[in-house]
Amino acid sequence: MSTDLTAFKDTQRRLWSAGDYAVTARRFEGVARELVAACGLGPGQRALDVGAGTGNVALAIAASGASPEACDLTPALVSAGKARCDALGEWEIPWIVADAEALPFAAGRFDAVLSVFGMVFAPRPEVAIAEAFRVTRSGGSVGFTSWTPASAAARFGEVAGRYFPAPEDPPPSPHLWGDEEVCRARLSRHAIDVSFERGSVTWTWPSAAAAREEAEESNNFVAAARAALSPQRYVAFLDDLDDLMRSMNTAGDGGLAYDAEYARVVARKAG
């Protein structure tokens, strides 16, 4: 991969700062709770939420009785996530700006490192996963989720790819973490036991118009498109997204609904 990593990560920060990610993140709260449960976290343990977004995993860790810390590459999300956690007033959760490929923590600091649709977006997957295992103690767990290569999220990415130029030598697709064979191969150097399970997030709206309205008001990728594309191209982009959602629609009452498949991975470090 010859992509300029500094430029790539700057673009990621701008992307995740656009829109209002908190609206999307609310749909992943159940995914976060299930990941924490799958890692068996509880009182007396310390866990890190990587690519924490607005803190779904950190809050689920705290609710389990374990002690969470949270980090994200994007300063705007760290501010938003910390404000959300502080406003709840139940737990004090440390937040810092940090890169999944260079975590600023000592080796073996955590009993578990978790990430919901976060760490998988690091452009060098082998570096990010090595870092996650480095800061996990012997016998601890690394747990994360990824959209699968055939998921709705991947199909949306294909639509976006028609409107945004890709680097000449782009990073691997983040959705490859959702390919079981690829995932197990990447983890083979680090883990002695790997659980790979599939689930889905159901997205629902009362109508296709409501889905488009929400996307324009809050979706990070749509906000980035609005800033980068001409008005005509922007409308064409939205129309293509509408067409894709309608093609996946499972609602029979005039609403809009579709399932987005993801993988939940829990890997245990040798101890």
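F28 and W147 are both buried, meaning under 20% relative accessible area with a 1.4 Å probe, protein chains only (exposed is over 50%, partly exposed in between). Y163 and F237 are buried too. This is a predicted model: local features need pLDDT of at least 70, side-chain atom pairs count only at pLDDT 80 or more, and totals for chains, interfaces and linings use all residues. Residues are numbered from 1 along each chain as its sequence is written, and side-chain values use heavy atoms, leaving out hydrogens and water.

**Aromatic pairs**

Rings of Phe, Tyr and Trp (its six-membered ring) pair if their centres lie within 6.5 Å; planes under 30 degrees apart are stacked, over 60 edge-to-face, the rest tilted. The count comes to 17 aromatic pairs. Two of them are tabulated.

| Pair | Centre to centre | Angle between planes | Type |
|---|---|---|---|
| F28 and W147 | 5.8 Å | 65° | edge-to-face |
| Y163 and F237 | 5.3 Å | 65° | edge-to-face |

F28 lies in the loop between α2 (21-25) and α3 (29-38), and W147 in strand β5 (residues 136-147), so their pair ties together parts 119 residues apart in sequence. Y163 lies in the loop between α7 (152-161) and α8 (180-187), and F237 in helix α11 (residues 231-248), so that pair ties together parts 74 residues apart in sequence. Helices (H or I, at least four residues) and strands (E, at least two) are DSSP runs, numbered from the N terminus.

Ring pairs also link a cluster: F28, F117, W147, F156, W203, W205, Y258 and Y262.

**Helix α4**

Helix α4 (residues 56-63) is mostly covered, with 7 of its 8 residues buried. G65 follows α4 and has a positive phi, near 100°.
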